[in-house]
Amino acid sequence: MTHLITDHGLPLLFAVVMIESFGIPLPGETALIAFGVLASEGHYSIASVIAAAAAGAIVGDNLGYWLIGRAGGRALFRRWGWLHQYSDRVLPPAESIMARHGGAAVFFGRFIAILRYTVAWVAGLTRMRWWRFLFWNAAGGIVWATAVGLAAYYGGKALADAIARYGLYAGVLIAVGIVVGWLGLRFARRRLERRL
């Protein structure tokens with residue numbers, strides 16, 4: 001399994017991030033973190049990890065914008081009863097956010113779990129101009145892939161260096177610090193998601 005990931009992993013990273021961005025909840029950010037750590041161990045260059053994740057985010061969001069948002073539209077959500085009930089509850093506030101914040105919602109949506117796989121098709125449903133969507137989507141995808149990829153890369157490198165230099169106990173302390181920081185960010189994000 002490790003050979004498969006280290007030999008053919010970048011297309012896998014691209015696919016997971018693209019499918020998540022299209023609208024199917026997969027662990028795209030977790031995959032990016034894992035590949036950032038693998039890059040810190042020398043399996044990949046961090047630039048190729050960031051490029052694969054950013055490209056997957058941009059392609060997936062554009063597919064969601066066109067296929068779900070523009071082509072499918074509201075008729076897609078009315079096709080099944082359970083999805084219709086969900087869309088009646090979720091779409092009005094999402095459309096309100098898109099109307100008020102447009103480009104910023106697309107950009108920052110990349111950093112919020114629920115919005116990461118819904119903001120593209122909501123932008124399509126609300127008929128946001130494609131060029132505007134593409135600009136903010138590409139900016140968000142590149143910044144997200146760079147920030148998360150570099151954090152995982154340097155976090156993984158710091159952990160490996162601490163273990164080599166100071167032993168396992170220092171590595172454990174740094175790992176705990178990284179996990180606590182990561183949990184703090186996730187907690188802050190969840191609070192933000194609840195407000196939306």
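Tutor: Two residues are in contact here when they have heavy atoms within 4.5 Å. The structure is a predicted model, in which local features need pLDDT of at least 70 and side-chain atom pairs count only at pLDDT 80 or more, whereas totals for chains, interfaces and linings use all residues. Residues are numbered from 1 along each chain as its sequence is written, and side-chain values use heavy atoms, with hydrogens and water left out.

Student: What percentage of the residues in the protein is buried?

Tutor: A residue is called buried under 20% relative accessible area, exposed over 50% and partly exposed in between, using a 1.4 Å probe and protein chains only. Of the 196 residues in the protein, the buried ones make up 40%.

Student: Leaving aside neighbours within four places in sequence, which residues are in contact with V49?

Tutor: V49 is one of the core members that touch the most others. Once its neighbours within four places in sequence are set aside, the residues in contact with V49 are L10, L13, L32, F35, G36, A39 and Y44.

Student: How many residues form the other core that lies apart from the largest one?

Tutor: Y65, A94, M128 and F133 are among the members of this other core.

Student: Is R116 buried or exposed?

Tutor: R116 is found in helix α5, which covers residues 113-116, and its side chain reaches the backbone oxygen of R110 at 2.9 Å. With a relative accessible area of 4%, R116 is buried.

Student: Which residues do salt bridges that share partners join into one network?

Tutor: A salt bridge places a side-chain nitrogen of Lys or Arg within 4 Å of a carboxyl oxygen of Asp or Glu, and the protein has three of them. R116 pairs with E20 at 3.2 Å, N to O, and because R116 lies in α5 and E20 in α1, this pair ties together parts 96 residues apart in sequence. R116 also forms a salt bridge with E29, the closest N and O atoms being 3.7 Å apart, and since E29 lies in α2 the pair links parts 87 residues apart in sequence. The network formed through shared partners is E20, E29 and R116.

Student: How many residues apart in sequence are the parts that D61 and R110 tie together?

Tutor: The side chains of D61 and R110 meet in a salt bridge at 2.7 Å, N to O, and both residues are buried. Because D61 lies in helix α3 and R110 in the loop between α4 (81-109) and α5, the parts tied together have a sequence separation, in residues, of 49.

Terms used:
A nonpolar core is a set of buried Ala, Val, Leu, Ile, Met, Phe, Trp, Tyr and Cys residues joined through side-chain atoms within 4.5 Å. Helices (H or I, at least four residues) and strands (E, at least two) are DSSP runs, numbered from the N terminus. A polar contact is a pair of N or O atoms within 3.5 Å; within protein, one must be able to donate a hydrogen and the other to accept it, and residues adjacent in sequence count only if both atoms are side-chain atoms.
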